[in-house]
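Here is a short briefing for a reader new to this structure. Please look at the model first, then read on.

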Amino acid sequence: MYHDKAKALEAAEDSLVERGVTLWVYRCRFCGTWHLTHRDPNSPMTNGPHTGSRRPHSRKRGFKPRRR
């Protein structure tokens, strides 16, 4: 998490220089901070069902959603 875009871009650049890993920067629509991702935002995979169109789910062990 980065509070501003400049810090996130700096971290992405450092990753490329130090490890050779290309990262992209995006602003999270849930928390409002900036994050890094290895997925290219221009790739067709970023528009699929795994990009947040589903409802969030709990990561707790044994969690069972209520049936309606």
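## Helix H1 and its surroundings

The buried residues of helix H1 are Ala8, Ala11, Ala12 and Ser15. Buried means under 20% relative accessible area, exposed over 50%, and partly exposed in between (1.4 Å probe, protein chains only). Seen down the axis of H1, these buried residues fall within an arc of 100 degrees, so they line one face of the helix. The arc is taken from the directions that run from the helix axis to the C-beta atoms.

This is a predicted model: local features need pLDDT of at least 70, side-chain atom pairs count only at pLDDT 80 or more, and totals for chains, interfaces and linings use all residues. Residues are numbered from 1 along each chain as its sequence is written, and side-chain values use heavy atoms, with hydrogens and water left out.

**More on H1**

- Helices (H or I, at least four residues) and strands (E, at least two) are DSSP runs, numbered from the N terminus.
- On the other side of H1, Ala6, Val17 and Glu18 are exposed.
- The cover over the buried residues of H1 includes strand E1 (24-27) and strand E2 (34-37).
- H1 has 15 residues (residues 5-19), which should span 21 Å at 1.5 Å a residue; its end C-alpha atoms are 21 Å apart, which agrees.
- The expected span of a helix is 1.5 Å times one less than its number of residues.

**Thr33 in its loop**

- Thr33 sits in the loop between E1 and E2.
- Thr33 counts as buried because its relative accessibility is 10%.
- Leaving out residues up to four places away in sequence, Thr33 touches Met1, Tyr2, His3, Tyr26, Arg27 and Cys28.
- Contact means heavy atoms within 4.5 Å.

**Cysteines**

- The structure holds zero disulfides.
- A disulfide is a pair of cysteine sulfur atoms within 2.5 Å.
- Cys28 is buried, with a relative accessible area of 14%.
- Cys31 counts as partly exposed, at 41% relative accessibility.

**Confidence**

- pLDDT is the predictor's confidence in each residue, from 0 to 100.
- The protein chain averages a pLDDT of 81, and 72% of the residues score at least 70.
- In the protein chain, confidence is highest in H1, at 95, and lowest in E1, at a mean of 93.
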